[in-house]
Amino acid sequence: MSLPDPRSRVAATLLILVTLGLLAVQLVTNQPALGGVGLVLLLVPGFVVSQALGPRPLGWPEGLLTTLGGSLVLAVLAGVIAALLPHGLDASSVAAVELVALSAASTIWLVRLMGHDVTWGRLRISVGPGSLLLVVVGLALGSAGFIVAVRGAQDQTHTSFVQLWSVPPTSGADELLGVRNLTGLAIDCEAVIIRPGQPEYDWHIGAFANGQSWLGQLPRRDRSSPGLWQISVHCAAPDGSTFDRRLSIDPPA
Amino acid sequence: MIGRQAIHRLTTASRTEHAHPRRRPRVSVAWRPVIVASTGAGLLLLGLADDQARIDGPASLPLFWAGILLMVGPSTWRLVSPAPSRNERMSIVLILGLALYLVKVMVSPIAFSLPDEFTHWRTLDDILSSGHLFTDNPLLPISPVFPGLEAATAAAKVSSGLGIFPLAMILMGAARVVTMLSLFLLAATITGSARVAGIASVIYMANLSFLQFDAQFSYESLAIPIAFLAIWAVLCWSRHSGRSVLHGGLALAAIAATTVTHHLTSLVLVTFLVTWAVLSLVRDRGAKPRWPIVVAAAWAVAVNTVWFATVGGLAITYLNIIVRGGADELVAVLTGATAAKQLFVSAGPAVPPPEKVVAYASVLLLLLALPFMLLHAVRGRRPPAVVLVLGLAAMLYPVSLALRFTVAGSETSQRASEFLFVALGVLGADWLVGSRPSRWRPHRRQIVVPILLVVFAGGLVSGDPPQGRLPGPYHVGAEQRSIEPEGVATAAWALRELGPNNRLIADRTNAKLLGSIGAQYPVTSANQHLGTAYVMFAATIGRSELDIIRRGAIKYVVVDLRLASDVPVYRYYFEAAEPDAGQHTTPIPLASLQKFDGLPGVTRIYDSGDIIIYDVSRLVDVTP
C-alpha cells in the first residue's frame with residue numbers, strides 16, 4: 001500500500017477545517033458565513049464521506065462521482081431535514097445538519113489518515129504546447145459564444161413600455177397614481193382625469209428618465225359625485241414615439 | 001492519414017499510460033485538446049445561432065446544427081475508436097455532457113425562461129420565506145410535496161448568499177456532471193468496457209429530454225442523476241460483496257434523496273430495484289452476494305411507502321391522471337375512436353423537412369437495432385440480472401413511441417425516454433462495440449458514427465421544435481417564447497403594489513410569472529377545480545362566469561391583449577381544460593378580452609400597454 005501524499009493530505013485537511021469553521025460561524029450567527037465559498041458545500045461533504053468510507057483509492061471518475069454526487073445527496077437531505085425541524089430552514093439549521101454529517105465523516109477520515117489507511121493517487125498530466133494552445137483556443141471560443149449569448153439576452157430584455165397604475169389605498173390614505181418609465185428613453189407625460197360631476201382634471205406629470213417611477217397623489221373625490229374616474233395618461237419620447245395608457249378607478253371620498 | 005499524423009504530433013506530449021509501467025502513471029491528453037477546441041467552436045456557433053434567433057434571422061437553424069455537429073461529431077468519432085483510454089473516454093463524455101448543458105443555458109443565460117423553472121422558483125421562494133416545507137404552490141400543487149430540489153437550493157442559498165438564478169445554474173450543472181459520470185460508470189461496470197460506456201453515454205444523450213427539459217431548474221432534473229447514482233452505488237456495493245460502506249451508504253442515501261425529490265423518478269427507481277432484486281434472486285445464484293440489491297430494493301420500497309403515505313399521496317392521483325389519460329387515448333386511437341395526433345404539427349414555425357426525416361430515421365434505426373441488441377444481450381452467456389432488467393426496459397421503447405400519437409400521452413412518452421434510453425444506450429453500445437462478437441452489427445467506424453449522429457440529432461428534433469431550442473421574439477402561448485420583459489415587470493409590480501397571494505385569473509404565461517415572481521395565486525382547474533378559463537373566453541359575464549369568480553374568490557383578472565393576435569403555439573392560452581384546447585383555428589376574440597371594461601363593479605387598475613389588470617372583487621357584489 002503506497003504512502004499518503006503529504007501535500008494533498010495537508011491541503012485537504014485545511015479545506016475541511018476551514019469548511020467546518022465557517023459552518024460553525026454560520027451556525028452561531030445565522031448568516032451565510034460561507035459566501036460564494038458556500039459552493040464548497042457542493043464538494044467538501046461528498047469528498048470527506050468518500051475518503052472516510054471508501055474501500056480503496058478511487059479512480060478520478062469514481063472519486064468525482066462520489067464527491068459531487070454525495071454532496072448533492074447530502075444537500076438534498078440536509079435541506080429537507082433542516083426544513084422539517086421546528087426551527088425551520090435557515091443558515092443556522094442548515095449549518096447544524098451539515099456540521100453533524102461533516103464532523104462525523106471528518107473524524108473517520110482523520111482516523112484512517114492517521115493509520116495510513118488512505119492513499120492518494122497522484123495524477124501527472126503531460127501537456128504539450130500544442131495541446132495547451134488547443135485547450136486555450138477551445139475555452140476562448142466557448143467563452144466568446146457564451147458572451148455573445150449573454151449580450152443577445154441582455155439586448156432582448158430591453159424594454160419599451162410604460163406602466164400606469166392606481167391601487168386602492170389602505171384605510172385613511174390618499175390614492176396614488178403611479179407611472180413607471182421602462183421605454184429606454186426619457187419621456188414626458190400628461191394625465192387627464194375625467195370625474196363624473198366634477199371638472200376635468202389636467203395634470204402635467206413631467207419628464208422622467210428611463211427606469212424612474214413617478215407617484216402622484218390623486219385629488220380627493222367629492223362625496224356628492226360618485227362614479228368611476230377615467231384616467232388617461234399620454235407620454236411622449238424625444239424620438240416621436242408615444243405611449244397612451246388608461247385606468248378606471250373608484251377613489252375614496 | 002496526414003491530418004491524423006499532424007494532430008498527433010501537435011498534441012501528443014507523452015506516450016500513453018502503459019508505456020513505462022514502472023513509472024508513476026502519466027496521462028496522455030492527445031485528443032482531448034482537439035475535442036475541447038471543437039466543442040468551444042461549437043459553442044461559439046451556438047451563441048451566434050441564439051443571437052440570430054432573437055431577431056428571427058434565417059441563419060439561426062443552420063448555425064445551430066453546425067454548432068451541434070462540431071460538438072458531437074468529433075467526440076463521437078473519438079469514442080467509437082478503440083484507441084482511447086478509459087480516462088480519455090470519461091473526459092470526452094464529461095466535456096460533451098457539460099457543453100450540451102451550456103447549450104440550454106445560453107438560450108437564456110441571465111434569467112429563468114422555461115415555465116417549469118418558474119414553478120419550482122415559487123416553491124423555493126416559499127421555503128425560503130417560511131423556512132418550512134409543504135407550502136401551497138398554485139402553479140404545480142405536487143411540487144411542494146417533493147421538495148428535494150428546492151430544499152437543496154435553499155440550503156445552498158442560505159449558506160452562500162448567492163442569487164437564486166446563478167445557484168440554480170450551478171446546481172443543474174453539477175447534476176449534469178453526476179448524470180454523465182454515473183451513467184458512464186454504470187455502463188462500464190455492467191459491460192466491463194469503457195468503450196461501450198462512452199457510446200452508451202452518447203446514445204443516452206439522444207433522449208428527447210436531454211437538451212432542454214432535463215437541464216432546466218426542475219425537480220426531475222435533479223432526481224434523475226441521483227437515481228442513476230443510486231443504481232451505480234448498488235451495483236458497486238454488490239460487486240464488493242456488500243463490504244463497501246461508501247457504496248452502501250451512498251446507495252441508501254441516494255434512494256432516500258430521490259424519493260423526496262421527484263415522484264416519477266422515484267417510482268421508476270423502485271421498480272428497477274425490485275425487478276433487479278427479484279431477477280437476481282432467481283438468476284444470479286452462486287454469483288456475488290445479492291443481499292445488497294435486496295436491501296436497496298427493500299429500502300426503496302419502505303422509503304417510498306412512507307413518503308407517499310404521509311405526504312406524497314397527491315402524486316398518485318397526479319400520475320394516475322397523466323398515465324391513464326395517455327393510455328385511454330392510445331386505446332381510442334388504436335380502435336379508431338379518435339384520430340391519431342399528427343406529429344411535428346403546431347401553430348408555431350414548421351419543423352423543416354430535413355429535421356423530420358432525421359427524426360424518423362432516428363426512431364427507425366433504434367427500432368431496427370432493438371431486436372439485435374436484445375439478442376446480443378442474452379446470447380452466448382447467462383446474462384446477469386441487471387442486464388435482464390435493462391432488456392425489459394428496452395422492450396418498452398416501442399410502447400413509448402405509440403404514446404406519441406396521442407395528445408395526453410405525448411409528455412409521458414417524452415418522460416419515458418429519460419429512463420428507457422439508459423437501457424437502449426447500454427445494450428445498444430454493447431451490441432455495437434462490445435467485446436463479445438456479433439454477426440449483425442456494423443463494424444466500420446464510418447458507419448457507426450453517422451448512425452449515432454442521426455440517432456442523436458433525431459432525439460434532439462423530437463424533443464424540442466425549433467422555437468423550443470432557440471430564443472426568439474414573442475409568440476402567443478409559446479412557453480419560453482412568451483416570457484418577456486413586460487410580463488416580468490407586471491409580475492414584479494403585482495408583488496410590490498398588491499402584496500402576495502391575491503387570487504387572480506391569467507393566461508398560462510402571465511400565470512407562471514405572477515405565481516412566481518409576483519407570488520400571486522392564479523386560480524385554475526388544476527389547483528381549485530374551477531374552469532376559470534371559461535370566464536376569459538365568454539363574450540359577456542353571465543351567471544356561470546360570476547359563479548366561477550365568486551367560488552374562486554377571484555380578486556383580479558389579468559388580460560394580455562396579445563392573445564388576440566394569434567392562436568397559441570402550444571395548444572392552449574390558459575390551461576389544457578379550456579374550450580377548444582389544441583383546436584384553436586382563430587385567435588381568442590379581442591372583445592372577449594376587453595369585456596371587463598366598463599362593467600359595473602370592475603375597476604381597471606393597471607395598464608402597461610399589452611397587459612391590463614382589472615379589480616373584480618366587487619363584481620359579484622354589484623351584479624344582480
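Trainee: How many nonpolar, polar and charged residues are in the lining of the largest cavity?
Mentor: A cavity is a set of points, on a 1 Å grid over the protein atoms alone, where a 1.4 Å probe fits but cannot get out, and its lining residues have an atom within 4 Å of a point. Ala, Val, Leu, Ile, Met, Phe, Trp, Tyr, Cys and Pro count as nonpolar, Asp, Glu, Lys and Arg as charged, and the others, Gly among them, as polar. Met172(B), Arg176(B), Thr179(B) and Asp214(B) are among the lining residues of the largest cavity. By class, this lining has six nonpolar, two polar and three charged residues.

Trainee: Which conventions apply to the model and its numbering?
Mentor: This is a predicted model, in which local features need pLDDT of at least 70 and side-chain atom pairs count only at pLDDT 80 or more, while totals for chains, interfaces and linings use all residues. Residues are numbered from 1 along each chain as its sequence is written, chains are lettered from A and ligands numbered from 1 in the order in which they are written, and side-chain values use heavy atoms, with hydrogens and water left out.

Trainee: Which helices each supply at least two residues of the lining of the largest cavity?
Mentor: Helices (H or I, at least four residues) and strands (E, at least two) are DSSP runs, numbered from the N terminus. The space in the largest cavity is about 90 Å³, where a volume is the space filled by probe spheres set on the grid points, which are joined across faces, edges and corners. The helices asked for belong to chain B and are H7 and H9 (219-239).

Trainee: Which helix gives the largest share of the lining of the second largest cavity?
Mentor: The second largest cavity has a volume of about 70 Å³. Ten residues line it, and Leu41(A), Leu42(A), Ala75(A), Ala152(B) and Ala156(B) lie nearest its centre. Of the lining, eight residues are nonpolar, one is polar and one is charged. The largest share, three residues, comes from chain B, from helix H6 (residues 148-160).

Trainee: Why is helix H15 of chain B largely enclosed, and against which helices do its buried residues pack?
Mentor: Buried means under 20% relative accessible area, exposed over 50%, and partly exposed in between (1.4 Å probe, protein chains only). Nine of the eleven residues of H15(B) (385-395) are buried, so the rest of the structure largely encloses this helix. Val386(B), Leu388(B) and Gly391(B) are among the buried ones. Counting contact as heavy atoms within 4.5 Å, the buried residues pack against these helices of chain B: H7 (164-191), H11 (263-283), H14 (353-378), H16 (397-402) and H17 (410-433).

Trainee: Is Gly380(B) buried or exposed?
Mentor: Gly380(B) sits in the loop between H14 and H15 of chain B. Its C-alpha atom is 9.6 Å from that of Pro437(B), 57 residues apart along the chain. At 80% relative accessibility, Gly380(B) counts as exposed.

Trainee: With which side chains does the side chain of Glu355(B) make polar contacts?
Mentor: A polar contact is a pair of N or O atoms within 3.5 Å; within protein, one must be able to donate a hydrogen and the other to accept it, and residues adjacent in sequence count only if both atoms are side-chain atoms. Glu355(B) is in helix H14 of chain B and is buried, with a relative accessible area of 5%. One polar contact, of 2.7 Å, is with the side chain of Trp65(B). Another, of 2.6 Å, is with the side chain of Arg469(B).

Trainee: Which side chain makes a polar contact with that of Glu484(B)?
Mentor: Glu484(B) lies in the loop between H19 (466-469) and H20 (485-498) of chain B, and at 14% relative accessibility it counts as buried. Leaving aside neighbours within four places in sequence, Glu484(B) is in contact with Tyr474(B) and Arg562(B). The polar contact, at 3.1 Å, is with the side chain of Arg562(B).

Trainee: How many helices and strands does chain A have?
Mentor: From the N terminus on, the elements of chain A run α-α-α-α-β-α-β-β-β-β-β-β-β. Buried residues make up 45% of the 253 residues in this chain. The secondary structure of chain A comes to five helices and eight strands.

Trainee: Which residues does Gly211(A) touch, not counting residues up to four places away in sequence?
Mentor: Gly211(A) is in the loop between strands S5 (201-208) and S6 (213-217) of chain A. At 38% relative accessibility, Gly211(A) counts as partly exposed. The residues that Gly211(A) touches are Arg180(A), Asn181(A) and Leu182(A).

Note on methods: On a 1 Å grid over the protein atoms alone, a cavity is a set of points where a 1.4 Å probe fits but cannot get out, and a pocket is an open set with protein on both sides within 12 Å along at least five of seven lines; lining residues have an atom within 4 Å of a point.
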